[in-house]
Amino acid sequence: MSEEAVEAPAENAGSLTSDMPTQEAQVDTLVETTPEINLTEIPEWLHEYKDLGPEILKEPSLKLVDSNEKLLKGYVNAQKAIGANKIVIPGKHATDDEWKEVFSKLGLPENLDSYELNIKEETPDDFLQSYKEIALKNNILPKQAQALYDWYFARGQEDINAYEQNQKDTLAQEHEKLKEEWGKSYDRNIQLAQIAVRSIDDSGFMEYLDQSGLALNTQLIRAFAKLGQSMHEEAQIIDGDSKSPLQSSRDSATQRLAEIYEDPNNPIYHKSHPAHERVRQEVRQLHLRKNM
């Protein structure tokens, strides 16, 4: 074989040995170098740890520490906190049971009887029962449940007061219209209405009118005023079959009532007497005349 065939061309860049790096070059390539850090960018007490690199030394939390002593204390406190009773916030796909566990750690009662609320005496039992059931079902803590309860009743009282005031204002307006409608006859018509109510002779009915507020209802006042006027006109008619005709004056009515009440044998005192109902009607008419 000739020498030309044995020699490899010096330009052969694809040779297995010609472009292979030396061992020293390989070591230089594999050794990691630590980036330099500007010491003016970190606290002075960290300068001795400059070899840790900027990733650690530029940690924002280290700016809150100014000495090794504080760093050690912070580390100890952090270790203690790791073992504390922590609450992990569930993710968006958490189940109701997972959320229930979180709120239980926050103080959610285990059952309805464990809800300790400052309840007003007028609270109905069925309302309180339902309120606690809803609160427990929706993970409402006792403090929050109390705040909602207080707001509900305060707002309810405000609504009641507003309603009552509105009713008073409406009644006042209606009575003003009634005064304009009746004019000078207003006082007399009110008296007629009152006499008509009293003639019913039922204390329970009168109590009902007062408690329900109907005693101030202008529609009822108009109706009873008409009834009172009819009774007044009737009272002026002399009953020809009666032994004691109704008189046209208050004085005579008063005198006749005295005669009836002062006589213990009068039929008014004896329900079984045949004339009891007639005398009772007479007394009613006499009272009407007396109060006219």
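This is a predicted model: local features need pLDDT of at least 70, side-chain atom pairs count only at pLDDT 80 or more; totals for chains, interfaces and linings use all residues.
## Helix α6

Let's start with α6, which runs over residues 125–137. Its 13 residues reach 18 Å from the first C-alpha to the last, close to the 18 Å expected at 1.5 Å a residue.

Which residues of α6 are buried? They are L128, Y131, K132, A135 and L136. These residues sit on the same side of α6, because they cover an arc of only 125° around the axis. As background, an α-helix has 3.6 residues a turn, so residues three or four places apart point the same way.

## Around α6

What do the buried residues of α6 pack against? Their partners are α5 (96–106) and α7 (142–182). Turn to the face that looks away from the buried side, and you'll find the exposed residues D126, I134 and K137.

After α6 comes N139, and its phi is positive, near 60°.

## Helix α7

Now for α7, one of the helices that the buried residues of α6 pack against. α7 has 41 residues and reaches 59 Å between its first and last C-alpha, close to the 60 Å expected at 1.5 Å a residue.

Buried residues turn up here too: A145, Q146, Y149, F153, H175, L178 and W182. Just after α7 sits G183, with a positive phi of about 60°.

## E55 in helix α3

One last stop is E55, found in helix α3 (residues 54–57). Is E55 buried or exposed? It counts as exposed, because its relative accessibility is 73%, and the cut-off for exposed is over 50%.

E55 and I37 lie 18 residues apart in sequence, and their C-alpha atoms are 9.8 Å apart in space.

Key
Residues are numbered from 1 along each chain as its sequence is written. Side-chain values use heavy atoms; hydrogens and water are left out. Helices (H or I, at least four residues) and strands (E, at least two) are DSSP runs, numbered from the N terminus. The expected span of a helix is 1.5 Å times one less than its number of residues. Buried means under 20% relative accessible area, exposed over 50%, partly exposed in between (1.4 Å probe, protein chains only). The arc is that of the directions from the helix axis to the C-beta atoms. Contact means heavy atoms within 4.5 Å.
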